[in-house]
Amino acid sequence: MLDAIQNFLSTTGIARMFETADWWKTAIMIIISFVLVYLAIVKQFEPLLLLPIAIGMLLTNLPGANLFHFDYFMGETLDFGLILRKGGLLDLLYLGVKLGIYPCLIFMGIGAMTDFGPLIANPKSLLIGAGAQLGVFVAFSAALLSGAFNPLEAASIGIIGGADGPTAITVTKELASHLLPAIAVAAYSYMALIPMIQPPFMKMLTTKKERQIKMTALRQVSKTEKILFPIVVTLVVGLIVPDAVVLIGCLMFGNLLNVCGVTDRLSKTAQNELMNIVTIFLGITVGATATADNFLHWRTLLIIACGLIAFCISTVGGLLTAKIMNWLTGGKINPLIGSAGVSAVPMAARVSQKVGQAEDPSNFLLMHAMGPNVAGVIGSAVAAGVFLSWF
């Protein structure tokens, strides 16, 4: 009886936690997961993804749980037999990330939920979305010049500036999968912090007079235009940057399901059931990669710092592009919509609206900001395609 009790006690998570001298790293990761839970539930920072990431981080760091084995996925080829025989639940679910399935399905859902009408009505918004990708390439250069990262790792870090979690995951799992935990957490954290990060730059780079500019109503977009747009964009992007088609194609297919008018059931499935299921699987498995050995490293802090720089510069790039367009059009464009050029839909557009109404409550910028916002989604996917084609 005593032997049975002793054997039981030796197999508890508490006993296993103190078997190694690095037990404190495990404790730190569990505390970090609690902090993310707090931010998701109490502060409501991107809770739909931050909460699954936090729980995945907690599960993977519980001693003895053996739900996830990061080393199974580090080789050049996957040993599916090993994963199926010895893998835990999160190992099986992580195959959707490693094989690039989840990010593409997320993009399909985003496409089904997104109205490209503002972008079609004002095609000049594409320039703002392109300008907001400045941070991607600046952060890539900074990470590369730091000497701490190779070109593939630097590209994965730079894509954080696109403020698009699925895009960051797609690039990272292809180029530097060992950095996925830090990059995913950084990307989604900065997306959640948009209402805090962007307004200071918006006020610093625009005048009160510019923030009060009222833009004319957008023209009505026909159904034919809405149907042709996703088809044409897929074709053009596919001919120029084929590596971006995996994301752009799914994004535009989801949008086509929504606007064509004959696939309402499929569109609703993509927007709701499919999107929700994939979001859970993506979040919990990305969080599972944040093991103590993989996450608690000085390079993680450097990645988070480079990601913040990338996001801030992308915001500045969008604002400056909008200011130039305002000057070229004789003061017809409110520069505040430039900050929405990052890919976080629709949060960035809502921030533009909020800051604009703080200056003039009668000013409505939301629909105008949605143009650069959805252009940013396309821009970040194209930037990802550029990196994938380079490397």
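What span should the 13 residues of helix α13 have at 1.5 Å a residue?

**Figure 1. Helix α13 (residues 180–192).** The expected value is 1.5 Å times one less than the number of residues. Helices here are DSSP runs (H or I, at least four residues), numbered from the N terminus. Of the 13 residues of α13, 13 are buried; buried means under 20% relative accessible area, exposed over 50% and partly exposed in between, with a 1.4 Å probe and protein chains only. This is a predicted model, in which local features need pLDDT of at least 70 and side-chain atom pairs count only at pLDDT 80 or more, while totals for chains, interfaces and linings use all residues. Residues are numbered from 1 along each chain as its sequence is written, and side-chain values use heavy atoms, with hydrogens and water left out.

Figure 2. E210 pairs with K323, with the closest N and O atoms 2.8 Å apart. E210 is buried at 14% relative accessible area, whereas K323 is partly exposed at 23%. R211 forms a salt bridge with E359, the closest N and O atoms being 2.9 Å apart. Because R211 lies in α15 and E359 in helix α21 (residues 347–359), the pair links parts 148 residues apart in sequence. Both R211 and E359 are buried.

**Figure 3. The salt bridge between D360 and K214.** The closest N and O atoms of this pair are 3.8 Å apart. D360 is in the loop between α21 and α22 (366–390) and K214 in the loop between α15 and α16, so the bridge ties together parts 146 residues apart in sequence. D360 is buried, with a relative accessible area of 18%. Through shared partners, salt bridges also join K208, R211 and E359 into one network.

**Figure 4. I248 and L251 in the largest nonpolar core.** A nonpolar core is a set of buried Ala, Val, Leu, Ile, Met, Phe, Trp, Tyr and Cys residues joined through side-chain atoms within 4.5 Å. The largest one has 113 residues, of which F116, I248 and L251 touch the most other members. L251 lies in helix α17 (residues 245–259) and is buried at 1% relative accessible area. Contact means heavy atoms within 4.5 Å. Leaving aside neighbours within four places in sequence, L251 is in contact with F107, M108, I110, G111, F116, V377 and I378. With residues up to four places away not counted, I248 touches V233, T234, V237, I378 and A381. L251 and G109 are 142 residues apart in sequence and 7.4 Å apart in space, C-alpha to C-alpha.

**Figure 5. A nonpolar surface patch that includes L239.** L228, V232, L235, V236, L239 and I240 form the patch, with about 610 Å² of accessible area together. Areas come from the Shrake-Rupley method with a 1.4 Å probe, and for residues only the protein chains shown count as cover. Patches are made of residues with over 30% relative accessible area and no salt bridge; like charges are joined within 9 Å and nonpolar side chains (Val, Leu, Ile, Met, Phe, Trp, Tyr) within 5 Å. L239 belongs to helix α16 (residues 223–240) and is exposed, at 68% relative accessibility.

Terms used
Salt bridge = Lys/Arg side-chain N within 4 Å of Asp/Glu carboxyl O. Helix = DSSP H or I, 4+ residues; strand = E, 2+ residues; numbered from the N terminus.
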